[in-house]
Amino acid sequence: MSIESHLVELEKKHKAIEREIELELAHANTDDVKLSSLKRKKLQIKDEIVRLAKPGHTVH
């Protein structure tokens, strides 16, 4: 898988998790543990996107 296609997949996952977070926040009885987990996962994906998007990044 090329870096570009991997970045596209990560962006899709990031947006999907963002939608899940929004849905979770819309409920009156928000599950704080689930919300924290989703936010952590979203941040990990964002960190990977930033890392892979850096100029000069090579695949090992």
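Predicted model: local features only at pLDDT ≥ 70, side-chain atom pairs only at ≥ 80, totals over all residues.
Residues are numbered from 1 along each chain as its sequence is written, and side-chain values use heavy atoms, with hydrogens and water left out.

Q: Why is E24 called buried?
A: Buried means under 20% relative accessible area, exposed means over 50%, and partly exposed is in between (1.4 Å probe, protein chains only). E24 has 10% relative accessibility, so E24 counts as buried.

Q: Where does E24 lie, and what does E24 touch?
A: E24 lies in helix α1, residues 3–26. Helices here are DSSP runs of H or I with at least four residues, numbered from the N terminus. Leaving aside residues up to four places away in sequence, E24 touches T30, D31, K34 and L35. A contact means heavy atoms within 4.5 Å.

Q: What makes H14 buried, and which residues does H14 touch?
A: H14, in helix α1, has a relative accessible area of 10%, so H14 is buried. Not counting residues up to four places away in sequence, the residues touched by H14 are K42, I45, K46 and I49.

Q: How do you know whether K46 is buried, partly exposed or exposed?
A: K46 sits in helix α2. Its relative accessibility is 36%, so K46 counts as partly exposed. From K46 to K34 there are 12 residues in sequence and 18 Å in space, C-alpha to C-alpha.

Q: Why is L43 called exposed?
A: L43 belongs to helix α2. The relative accessible area of L43 is 51%, so L43 is exposed. L43 and H14 are 29 residues apart in sequence, and their C-alpha atoms are 8.5 Å apart in space.

Q: What makes E9 partly exposed?
A: E9 is in helix α1 and has a relative accessible area of 34%, so E9 is partly exposed.

Q: How do you know how α1 runs relative to α2: roughly parallel or roughly antiparallel?
A: Two packed helices are described by the angle between their axes and the distance between the axes. Axes are lines fitted to C-alpha atoms, for helices over the stretch in contact, and angles run from 0 to 180 degrees between N-to-C directions. Helix α1 and helix α2 (residues 32–53) pack at about 155°, with their axes 9 Å apart. That angle makes α1 roughly antiparallel to α2. The cut-offs are under 35 degrees for roughly parallel, over 145 for roughly antiparallel, 65 to 115 for roughly perpendicular, and oblique for the rest.

Q: What makes up the largest nonpolar core?
A: A nonpolar core is a set of buried Ala, Val, Leu, Ile, Met, Phe, Trp, Tyr and Cys residues joined through side-chain atoms within 4.5 Å. The largest has 10 residues in all: I3, L7, L10, I17, I21, L35, L38, I45, I49 and L52. Both α1 and α2 supply at least two residues each to this core.

Q: Why does I3 count as buried?
A: I3, placed in helix α1, has 19% relative accessibility, so I3 counts as buried. I3 and L38 are 35 residues apart in sequence and 24 Å apart in space, C-alpha to C-alpha.
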